[in-house]
Structure formats: structure tokens, C-alpha cells
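This report describes one protein chain for a reader new to structural analysis. Please keep the sequence and the model in view while reading.

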Amino acid sequence: MKKIIVTGGNGFIGSNLIKFLLLKKFFVINIDKSSYSKNSFILKHINTKNYIFCKFDINNRKKLFKILSKYKPDGIFNLAAETHVDRSIDSPKNFIDSNILGVFSLLEEIRIYKKKFKKKIRLVHVSTDEVYGDIKGNMRSTEKHTYNPSSPYSATKASSDHLIKSYIRTFGVNASISNCCNNYGPGQFPEKFIPTLIFNILNNNFLPIYGKGVNSREWIHVYDHCTALLEIYKKGKIGESYNVGTGKNIKNLNLTKMLLHIVKNKKFKIGKKVKIKFVKDRPGHDMRYALNCNKIKKKLKWKPIKSMDVGLIETFDWYQKNYSFFKTFSKKLFFKRLGLKT
């Protein structure tokens, strides 16, 4: 049985990835510092000897090397990161600590481990489409697109991508990078766009949308993202990056209307206060992210399977059935308006 480390495994994508890997018969070691956006809700019902949780920050290099030495993993999926753009505007240092210094610590311990045990660990680093910056017109960014990050979040993710590529070339680290579009699905932290909309629909609150709602995003269900990550782990080439997306964009306003339409069709009684409300935009807000995913489709034979309609229905159903998920967080964490600093 292959052993896999997932860093940031209590997060949204990480917890879904762990469940997916366990179903695929991997032994999984979850490393997470359990910060404000992390919880074990998705993983709380896991009852298997093939799963271990280790609570610490990957910047703790002593503990990290101890885990590597003890379990001698075949692979690592690195999802340990601060991710919310608005928070990166308010507190950039946290993003530098996690997204740059954390990756540096991980790479250093992998390098030392390789030298001591004469064994390479396969690393898949999970990045974002935001490193490419604002994509104009109908263009879609390929893996060769110039990095042009706009926020402290995307800048730190871009930095970690470059750092990993340097360790691949200089130290022979066995790594690949995934650059994924916006994820959605069960267990996403409530400050993110789709769970915010769902929470407000369930609680008869207004639906906040930045600016005029014309910002365009590409969306993928987290399950599809997990299948892509496994294919990159198994078949991705060392030193290569792979865009992961659906090729379909939707404006924030249209997505909100789409979700409302789905909820109405489910015969859910929508409160009178559930109305779209445009709010002040955040600084440096990119208008459009869009990925060209031909490479992963052709080279790794991967493609997404969940349509946005089906995915949104499943996601709304999950939050409605698991409303207690929202109660695991302080409301101050996701009701407070962030990202207004200039």
C-alpha cells in the first residue's frame, strides 16, 4: 500500500482529496496546522487504520523531517496554503509565511530526505490559475503563459511555483505543479463565494456581489480536481505544470442567478431578503481567469465529469443537510467584510 502525505489536509480541497485517496486504497498522513479556515468536518467520520492526522505547521522542519523519516512516503500533495484573496490584502505576512516559507521548508526537508535515504518522494504542488493574472478577451492561459499575479495571495503562490521549479532543476526534486481554477463543493469555508451565497439563501440574507458582478471565473467541482491531482501524481512529468479546469467561464452575477434558479426548482422557499446586492469591490480585483487545459487532457487523458448544474445541486444539498458545518466556525470569521484595505 502506497503512503501519501497531504499537507493542508483539513482544508476544503485537502479533506476531499484525503477521502478520495482513501477510497483508492492509499495510506494517508494528514499534516495540518488547523488554522482559522481548517476543520475536520469532512474527515470526522473516517474510521480506518490507513489514516493518520498530525497537527503542526510545515514550517516546523524538525517535525516534518521526523514524519518523512518515520513513514517514508511515496508521495506528497502540498495543499498547505492561505487562500482567500481578501485576507491576503488585509494580512499579507500570513501568506508569505505559509505559501512561500512553508513551501521552502517542505522542499528543504524533501531534499535532505533524498540525500539521507537515497529515495525520491513524488511531490504534487497545488497552485492556482490566479498566478497568470487578468486574462483579456477570449484568450485562455496555457502553462507557458507569463505569470502576472495581482494580489499578495497570487504573488505568494507564483513565488512557490518558481521555488519548486528551481529545486527540480538544481536538486533533482521529483515534482509537478497543478494550476487549478476556482473550486466548489462540500466543506468549503463559508467566506468563499458559493458557500456564502448558499448560507445567505438558507438564512434569508442578501447576496453580496463585488462591483457589478461581471468578474468572470472558471469553476470546477472539487471531486474532478481530486481526480486530476491523482493523474498528475501517477503520470505527470517531473518539472511540468498542468492546468486543471473545465474550459467554461461564468460571470459572478450569472452564477448567482443560476444558483437561485436551481434553489427555486428544488421548491425551497426563498426568503424576501434574499436579493442580489452589489458591494464595494476589493482592490486589484482581476476581471477574468481562464485556463487552456488541452495539455492535461491530451497528455494525461483526464477530463472533468461533473457539470456545473449537477455540481451546484449537489453542493446546495450538502450544505442544507450539513447545516451544522456552518456552526463549526465563528460567524465573525465569514461575516466580516474583508479586502477593503488600499
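## A buried serine

S176 counts as buried because its relative accessibility is 0%, where buried means under 20% relative accessible area, exposed over 50%, and partly exposed in between (1.4 Å probe, protein chains only). This serine belongs to strand β6, residues 175-180. Helices (H or I, at least four residues) and strands (E, at least two) are DSSP runs, numbered from the N terminus.

Contact means heavy atoms within 4.5 Å. With neighbours within four places in sequence left aside, the contacts of S176 include R122, L123, V124 and H125. Also among them are I232, G236, K237, I238, E240 and Y242.

## Basis of the model

The model is predicted: local features need pLDDT of at least 70, side-chain atom pairs count only at pLDDT 80 or more, and totals for chains, interfaces and linings use all residues. Residues are numbered from 1 along each chain as its sequence is written, and side-chain values use heavy atoms, with hydrogens and water left out.

## The protein as a whole

The protein has 11 helices and 12 strands. Its radius of gyration is 19 Å, close to the 20 Å that the globule rule gives for 342 residues, so the protein is as compact as a globular protein of that length. The radius is taken over C-alpha atoms, and the rule is 2.2 Å times the number of residues to the power 0.38. Along the principal axes, the C-alpha atoms fill a box of roughly 65 × 45 × 40 Å.

Of the 342 residues, 56% are buried. Among contacts between residues at least 6 apart in sequence, 82% join residues at least 24 apart.

## An enclosed strand

Strand β2 (residues 27-32) has six of its six residues buried, so this strand is largely enclosed by the rest of the structure. In a regular strand the side chains alternate between the two faces of the sheet. In β2, F27, I29 and I31 point one way, while V28, N30 and D32 point the other way.

Strand β1 (residues 3-7) pairs with β2 in the parallel sense over five bridges; two strands pair if DSSP finds at least two bridges between them. In this pairing, I5 has I29 of β2 as its bridge partner.

## Buried side chains in a helix and a loop

H225 is part of helix α7, residues 222-235. The residue is buried, with a relative accessible area of 0%. Not counting residues up to four places away in sequence, H225 touches I13, V126, S178, C180, N183, I220 and V244.

W302 sits in the loop between α9 (294-299) and α10 (308-321), and is buried with a relative accessible area of 4%. W302 and D224 are 78 residues apart in sequence, and their C-alpha atoms are 9.4 Å apart in space. D224 is also one of the contacts of W302, among which are I220, V244 and K297.

## Two residues with positive phi

Which value does phi of K118 come near? It is near 55°, a positive value in a residue other than glycine. K118 occupies the loop between α4 (92-117) and β5 (122-128), and is exposed, with a relative accessible area of 72%.

For N204, phi is near 55°, again a positive value in a residue other than glycine. N204 lies in the loop between α6 (193-202) and β8 (207-210). With a relative accessible area of 28%, N204 is partly exposed.
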